[in-house]
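Q: I have a model open and would like to learn how to read a few of its features. Could you walk me through them?

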Amino acid sequence: MYAVLTEEVSVVQPVPVDPPSSSITVTSLTQDQINEFKECFSLHDRQRKGKMEARELITVMRCLGANPTPSEVQRHLLSHNIAWDGELDFSTLLSIMHRQLQQEAPLEEILEALRMADKEQKGFILASELRAKLTGLGEKLTDAEVDELLREAGIGADGRVHCRQFAEAVTCPSKR
């Protein structure tokens, strides 16, 4: 059995799991995430017996915001003794998603990218510079999307965005 937060910093509700996932403690998933995972799992539980096909795992994980490679998916399945042509239950999916999301660590990836832009390593970047990067590089964001991110993270009176505050705002559930 492991515990899952029912709200961001609230009551802990036990969730039963089957071995081998019972050794995993899932404490960083919010109830909203769990609900989203359950909805997606249910869509792939075609026979309505509480199981999904293992070969659909990569699709489900990508639908849920993870970006696993085929070898990572295979590793997850092997760690739960599940064959490619086997099935997994919801508790196993929760365990796999938790492990994958921890592994991907979006907060650290964003902080690293911001550190590269923070040439003087002072912990902040000008909002105008961040806007230029977000609208002009990689997966380009619209001005409206950048406005929303900057609103969430907050801009100092001096026009600076603090790197950690920005990374936390875009990776953590809203505290509104």
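A: Gladly! Let's start with accessibility: a residue is buried under 20% relative accessible area, exposed over 50% and partly exposed in between, with a 1.4 Å probe and protein chains only. This is a predicted model, where local features need pLDDT of at least 70, side-chain atom pairs count only at pLDDT 80 or more, and totals for chains, interfaces and linings use all residues. Residues are numbered from 1 along each chain as its sequence is written, and side-chain values use heavy atoms, leaving out hydrogens and water.

Q: Why does Arg55 count as partly exposed?

A: Because its relative accessibility is 44%.

Q: Which residues is Arg55 in contact with, leaving aside its neighbours within four places in sequence?

A: Contact means heavy atoms within 4.5 Å. On that basis, Arg55 touches Trp84 and Asp85. The C-alpha atoms of Arg55 and Trp84 are 5.6 Å apart, although 29 residues separate them along the chain.

Q: How do I read the packing of helix 3 and helix 4?

A: Two packed helices are described by the angle between their axes and the distance between the axes. Axes are lines fitted to C-alpha atoms, for helices over the stretch in contact, and angles run from 0 to 180 degrees between N-to-C directions. Helices are DSSP runs (H or I, at least four residues), numbered from the N terminus. Here helix 3 (residues 70-79) and helix 4 (residues 90-104) pack at about 135 degrees, with axes 11 Å apart.

Q: Which residues make the contact?

A: Helix 3 contributes Glu72, Arg75, His76 and Ser79, while helix 4 brings Ile96, Arg99, Gln100 and Gln103.

Conventions:
Helix = DSSP H or I, 4+ residues; strand = E, 2+ residues; numbered from the N terminus.
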